[in-house]
Amino acid sequence: MFFDWSAIPGALPILWQGMIVTLQITLVGVVVGVLLGTLLALFRLSPSRLLSWFSATYVTVFRSIPLVMVLFWFHLVLIPLVVGLLFPGRRLELRFITALTAFSLFEASYYAEIIRAGILSVTKGQFSAGLALGMNRRQVMRLVILPQALRRMVPLLLTQAIILFQDSTLVYVINLDDFFRKAYNVGNTVGTLNELILFAGAVYLVICTLASGCVRQLHRKLTVLTVK
Amino acid sequence: MALHTLLLTSFDAFTALSQANHFSLLASHFSPNAALIAGFDFSVFLRPSPESALNNLSYLLVGLGWSLLLALASWVVAFVIGSVIGVMRTLPGRILPFIGACYVELFRNIPLLVQLFIWFFVIPDMTPLLGDWFKQKVPPIWQEFIAGTACLGLFTAARIAEQVRAGIGSLGAGQVGAGLALGLKRRQVYLLVLLPVAYRILIPTLTSEFLNLIKNTAVASTIGYVELAQRSASMAETTSRVYEAFAAGTLLYAILNLLVMALARGLERFTALPGFLGGRR
């Protein structure tokens, strides 16, 4: 029942290495996720039935599978398949790449839904107005709709980023040493597993609480701006 | 002979797996390239599984059953606690809404995996008597089940609390005032006026919460709970038919998803009130 926190100060450099991995996954996941998500949302809203169908299927498929399963798929099936085709016969260390790919593609489906809702929240009148001014569809999207929609979506996109930051702990199932996995390993070796788990939990709690507090502030600010 | 070796190796692998505390070891033992050759092989589902009494298909289906059981048990916990916390956040005064807000922040800002490990490893060590009984007397599968239920239940409760709060908020303050003016106590206002309508409004969002919960049960594979994702992975390992194993697992999740959605739509139609959104006029 007594806690022994003595292992933590010495482990901080190792844990920091893990945190870098976690942050890299989060950053890449958000950037690639938002880019692909925007593309998927545009596909979904495009007049082409094929593109719209593709995007709808992509989103539904990714959203109905548990993230753990997605990670398994990428770790055991898809990435080995692609790498086997590209670099036959070589054994590469792929877990990090796997995590980056899996999270980017997985998050894209979530971002696509957020962005689609954002685009739809800009009134239809603006679209017609743009067309009436002689712009083509692409210009209306790029110059009128997306700038407003993206601004409106920023808080939601950031909240999703916080969720991604937390979900990145699931790389545990593919044995990638992120922050939590490192903490777990240190705890296992030193014999103070409970303390390390609690410490990791506390770190996540502090970071995520601060971040979601900031997002809330930002949300308030942006709302005021749009009312003006 | 082939079947014999297969049985032997799968059995060895399974004992090794059950001895090893952590399921994720599995991923490191595993060589992925073997199974990617050739087409889809349905016969693999009829071969004996790591639990030799079952074939692989029933092995996965039992895993699906365990997933669903965990999801349902957690849902009960989540629904009750989430409703209480959600109502607390809408009450007048300072203290109760503050406690509710703290609960939501705490459970939303710690990753699910970390929470699960806290329930599974840390809490039994922190509660000497109960914890010792838990670790020594409860069979492992139920240890995992109980830890999983506590974790997923309380985690999902935080999300349901937010929905319930929003649902009650959407009804407008007028209803509370009207109820109180009619002489109802606050408790009656909630039970008789606000919640019956709020829950109906919330059916679609609660459905997607339940779908999230089903997906989150896969996280319990990390503590060795024998649910569907874990069983797909161990089937993939023992049979070397990675593609079939994960395709089947994924398909089962998708089917469960569709079933839940259909049921929820039925429930929504069944409970719709005349005059409200979606109700008959």
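What follows is a chat about reading a predicted model, taken one feature at a time.

Me: Let's start with the fold. How many helices and strands are there in chain A?
Reply: Keep in mind that this is a predicted model. Chain A has 8 helices and 0 strands, so along the sequence its pattern reads α-α-α-α-α-α-α-α. Its C-alpha atoms fill a box of roughly 70 × 50 × 25 Å along the principal axes.

Me: And how much of chain A counts as buried?
Reply: The idea is to look at relative accessible area, where buried means under 20%. By that cut-off, 47% of the 228 residues of chain A are buried. As for the surface, chain A exposes about 11700 Å², with carbon and sulfur atoms supplying 70% of that area.

Me: What about charges: how many positive and negative side chains does chain A have?
Reply: There are 19 positive and 8 negative ones in chain A, and the centres of these two sets are 21 Å apart.

Me: Now the partner chain. How many residues of chain A are in contact with chain B?
Reply: For contact, think of heavy atoms within 4.5 Å. Here 37 residues of chain A touch 39 residues of chain B. The two chains bury about 3600 Å² between them, and 72% of this comes from carbon and sulfur atoms. On the chain A side, Met69(A), Trp73(A) and Leu76(A) lose the most area to chain B, together 16% of what that side buries.

Me: Which side chains meet in a salt bridge across that interface?
Reply: The rule finds 1 salt bridge between chain A and chain B. Arg216(A) and Glu105(B) meet in a salt bridge, at 3.1 Å from N to O.

Me: Can we zoom in on a loop? Where does Ser46(A) lie, and is it buried or exposed?
Reply: Ser46(A) sits in the loop between helix H1 (7-45) and helix H2 (49-64) of chain A. Its relative accessible area is 18%, so Ser46(A) is buried. Beyond its neighbours within four places in sequence, Ser46(A) contacts Leu51(A) and Ser52(A).

Me: What about Ser240(B), and where is its place?
Reply: Ser240(B) has a positive phi of about 60° too, though it is not a glycine. Look for Ser240(B) in the loop between helix H10 (228-239) and helix H11 (242-271) of chain B. Its relative accessible area is 31%, so Ser240(B) is partly exposed.

Key. Residues numbered from 1 in each chain as written. Chains lettered and ligands numbered in written order. Predicted model: local features only at pLDDT ≥ 70, side-chain atom pairs only at ≥ 80, totals over all residues. Heavy atoms only, no water. Helix = DSSP H or I, 4+ residues; strand = E, 2+ residues; numbered from the N terminus. Buried < 20%, exposed > 50% of the residue type's maximum accessible area, 1.4 Å probe, protein only. Areas by Shrake-Rupley, 256 points an atom, 1.4 Å probe, with all protein chains shown as cover. Lys, Arg positive; Asp, Glu negative; His and termini not counted. Charge placed at Lys NZ, Arg CZ, Asp CG, Glu CD. Buried area = accessible area lost by both parts, 1.4 Å probe. Salt bridge = Lys/Arg side-chain N within 4 Å of Asp/Glu carboxyl O.
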